[in-house]
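This report describes selected local features of one protein chain. The sequence and coordinates come next, followed by the notes.

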Amino acid sequence: MSRRHQNFRNYRQEQQLTQRRVIAAAFFVFLLAVTLIGRLFYLQVVQHELYQTKADDNRVMLVTEPPPRGLIYDRNGVVLADNRPIHSLTVIPERVQDLSKLQQTLSNIIPITDGEWEDFYDALKDYRRPYQSITLKSQLTDEEWAQVSVDLYKLDGVQVEAQLTRYYPFGEAFAHAVGYVGRINAKDLETVDQLAYQGALFIGKTGVEGYYEKTLFGESGLNKVEVNARGRIMSELERQNPTPGKDLHLYLDARLQQYAYDLLGDYTGSVVAIDPSTGGILALVSKPGYDPNLFVRGISVNDYSALRESKKLPLFNRALRGGYPPASTIKPFMALAGLEYGFASWTETYFAKGYYQINPDGRRYRDWKRTGHGWIDLERSIIESVDTYYYQLANKMGITPIHNFLTRFGFGESNLLDLRGESSGLLPSNEWKKAKYKEPWYPGDSVNVGIGQGFMVATPVQIASATSVLASKGHYFYPRMAKTMGDQTAEFENGLGDRHDIILKDQRNWVRITDAMRKVVTDSKGTARRLRGTDYDIAGKTGTGQVFSLQDDQEYDAEALDKRLHDHALFIGFAPAKAPKITVFAIFENGGSSSKPADLTRQLFDAYLHDDYPARYDYLKGQDNER
């Protein structure tokens with residue numbers, strides 16, 4: 001072999017190559033270690049809070065605890081809305097292997113309706129945390145509770161829970177004033193803090209319960225609990241107790257409310273009583289009412305259908321939403337309007353024959369007294385309720401001054417401070433008729449409005465609060481239900497303020513008008529003279545609201561008419577006349593004669609002013625009489 005082709009190993013070069021490979025490997029390992037350490041630092045230090053939170057989220061769960069709902073009292077400390085403990089049958093679905101089998105087993109132990117099972121399965125579809133119980137049957141009777149308890153050991157996932165539920169001790173007479181709570185539905189959850197209401201079953205729906213929901217509900221408690229991988233609660237880590245809702249004290253007088261409701265007898269109608277010195281509502285009656293307890297745990301289909309289909313409309317709040325012609329109760333306000341704008345005076349006389357005509361050959365607008373009243377003045381027009389006087393006065397004024405003046409008393413708008421759903425009624429104007437009917441305002445329209453008929457419509461609350469303005473000589477306290485919330489005076493959020501005053505060009509007219517209303521009772525020709533004989537003065541005004549219009553040649557014959565066509569009977573009054581403590585508006589639908597609401601008002605005055613109610617109402621007397 002030639003020396004030219006002989007290979008020699010270069011150990012030096014191989015050693016250098018090996019060294020480079022070791023260095024490269026070490027550098028790679030170092031780089032990898034640095035990367036790992038950097039990543040570890042990033043996760044453990046930089047992102048510590050984030051991943052700690054995520055870990056806690058998997059391990060820790062926040063569970064809200066609904067607070068006890070505040071109670072509702074009347075002015076004398078009578079509880080109108082209470083909380084009562086109940087026992088409910090609940091199911092934790094995750095702990096049930098076969099729901100169909102459970103349904104069959106439970107149905108053999110206690111009666112559970114199809115509706116209750118439907119509600120249960122509906123709730124099962126909604127979002128909830130794992131292992132959260134679902135109510136299957138509420139308000140177990142003692143017998144049902146005992147029957148379930150005996151077999152509870154073999155009913156996996158079934159338990160009996162103690163809960164607080166709303167209870168209304170006085171039923172239908174208070175339903176439209178106090179309102180009720182009901183089960184929370186998806187629509188309710190759109191308007192409330194869902195976290196705060198997590199686990200809550202009820203929410204205020206109507207009346208005071210609905211308006212003061214935030215105050216009565218309070219603040220939910222918050223429990224931090226540890227859960228396992230399946231979401232089951234293992235231990236409680238931290239607890240924040242719920243804050244109970246504030247108690248609510250109303251101006252409402254429970255005895256007056258129940259008494260007024262009973263005095264309406266078999267008639268449908270409404271009674272609203274107000275303290276004119278505060279605007280506090282002492283009674284807010286709409287008859288017929290309904291049992292609010294039916295709605296608390298979910299009303300049955302049959303019960304709800306019966307209420308909805310009743311021709312007497314028990315679910316309709318007549319006090320807030322009933323639209324009635326104020327009829328002759330509007331005359332004191334019309335008289336003041338005439339004085340204010342110079343269309344009437346206390347000395348001017350008017351010959352009141354039995355009818356009024358805008359034109360000599362035109363329609364005859366008849367007076368309630370067909371033979372007429374003869375020569376009268378403004379005061380006597382109120383005492384005898386002379387229709388023709390107000391026909392001519394309204395025709396002279398036209399609708400604009402009437403509209404502007406009556407607006408100052410709250411007609412045509414909702415002024416309630418703390419109840420929702422009040423109708424605005426209707427105080428017509430030129431603009432309203434043009435927009436509504438595409439027609440101008442006619443003199444005949446004004447004539448009808450002059451006696452509280454035609455287009456004009458008002459609610460019982462509006463008429464009662466306007467009467468309170470007369471009683472307080474121009475001080476308009478906006479009507480309200482709540483007196484205090486907890487230990488604090490009730491505050492209102494609708495921006496109306498507390499009151500405003502109506503200043504007349506001649507402030508003496510307040511006294512002269514109320515004197516005329518007092519003579520409606522004391523004068524021998526007064527339309528409410530049947531109320532004479534009290535040891536205090538009553539100022540009042542009668543009213544008869546027509547349900548349909550009579551033609552010129554027609555006579556009103558109640559005996560020949562169906563009851564639903566009888567006139568509405570109205571009365572407004574306040575007492576004592578010179579220093580009023582109470583104002584009342586009462587209406588008997590299709591009641592015919594105004595004697596019915598006048599007598600009712602007299603009985604309410606007697607009871608309230610003398611604290612002398614029939615003994616059967618002693619259970620509503622309370623312990624805090626503060627008058």
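N590 is placed in the loop between β23 and α22; helices (H or I, at least four residues) and strands (E, at least two) are DSSP runs, numbered from the N terminus. Although N590 is not a glycine, its phi is positive, at about 55°. N590 is buried, with a relative accessible area of 13%. Here buried means under 20% relative accessible area, exposed over 50%, and partly exposed in between, with a 1.4 Å probe and protein chains only.

D611 also is not a glycine and has a positive phi of about 50°. D611 belongs to the segment after α22 and is partly exposed, its relative accessible area being 33%. Most residues other than glycine have a negative phi, and most peptide bonds are trans.

## Basis of the values

This is a predicted model, in which local features need pLDDT of at least 70 and side-chain atom pairs count only at pLDDT 80 or more, while totals for chains, interfaces and linings use all residues. Residues are numbered from 1 along each chain as its sequence is written, and side-chain values use heavy atoms, with hydrogens and water left out.

## Cis peptide bonds

The peptide bond from K287 to P288 is cis, with omega near 5°. P288 sits in the loop between β12 (280–287) and α11 (293–296).

A cis bond also joins A575 and P576, where omega is about -15°. P576 is in the loop between β22 (568–575) and β23.

## Salt bridges

The structure holds 21 salt bridges, each defined as a side-chain nitrogen of Lys or Arg within 4 Å of a carboxyl oxygen of Asp or Glu. One of them pairs R318 with E589, with the closest N and O atoms 2.9 Å apart. This pair links distant parts of the chain: R318 is in helix α13 (residues 318–321) and E589 in the loop between β23 (582–588) and α22 (595–610), 271 residues apart. R318 is buried at a relative accessible area of 3%, and E589 is buried at 14%. Salt bridges that share partners join R69, R166, E209 and E213 into one network.

R69 lies in the loop between β1 (60–65) and β2 (72–73), and E213 in helix α9 (residues 213–217), 144 residues apart. Both R69 and E213 are buried. K137 and E116 meet through their side chains in a salt bridge of 3.4 Å, N to O. Because K137 lies in strand β4 (residues 134–137) and E116 in helix α4 (residues 114–125), the pair ties together parts that are 21 residues apart in sequence. K137 and E116 are both buried.

## Packing of α10 and α22

How do the axes of α10 and α22 cross? The axes of helix α10 (residues 254–263) and α22 come within 10 Å and cross at roughly 155°. Axes are lines fitted to C-alpha atoms, for helices over the stretch in contact, and angles run from 0 to 180 degrees between N-to-C directions. The two helices are therefore roughly antiparallel to each other; angles under 35 degrees count as roughly parallel, over 145 as roughly antiparallel, 65 to 115 as roughly perpendicular and the rest as oblique.

The contact (heavy atoms within 4.5 Å) involves L256, Y259, A260 and L263 of α10 and L600, Q603, L604, A607 and Y608 of α22. Eight of these residues are nonpolar, one is polar and none is charged. Ala, Val, Leu, Ile, Met, Phe, Trp, Tyr, Cys and Pro count as nonpolar, Asp, Glu, Lys and Arg as charged, and the others, Gly among them, as polar.

## Helix α16

Helix α16 (residues 387–397) is mostly covered, with nine of its eleven residues buried. The buried residues include D387, Y389, Y391, L393 and M397. Just after α16, G398 takes a positive phi of about 80°.

## Separations along the chain

Y11 is in helix α1 (residues 11–46) and is exposed, with a relative accessible area of 53%. Y11 and N76 are 65 residues apart in sequence, and their C-alpha atoms are 112 Å apart in space.

H48 belongs to helix α2 (residues 48–59) and is partly exposed, with a relative accessible area of 42%. The C-alpha atoms of H48 and D291 are separated by 58 Å, and the two residues are 243 apart along the chain.
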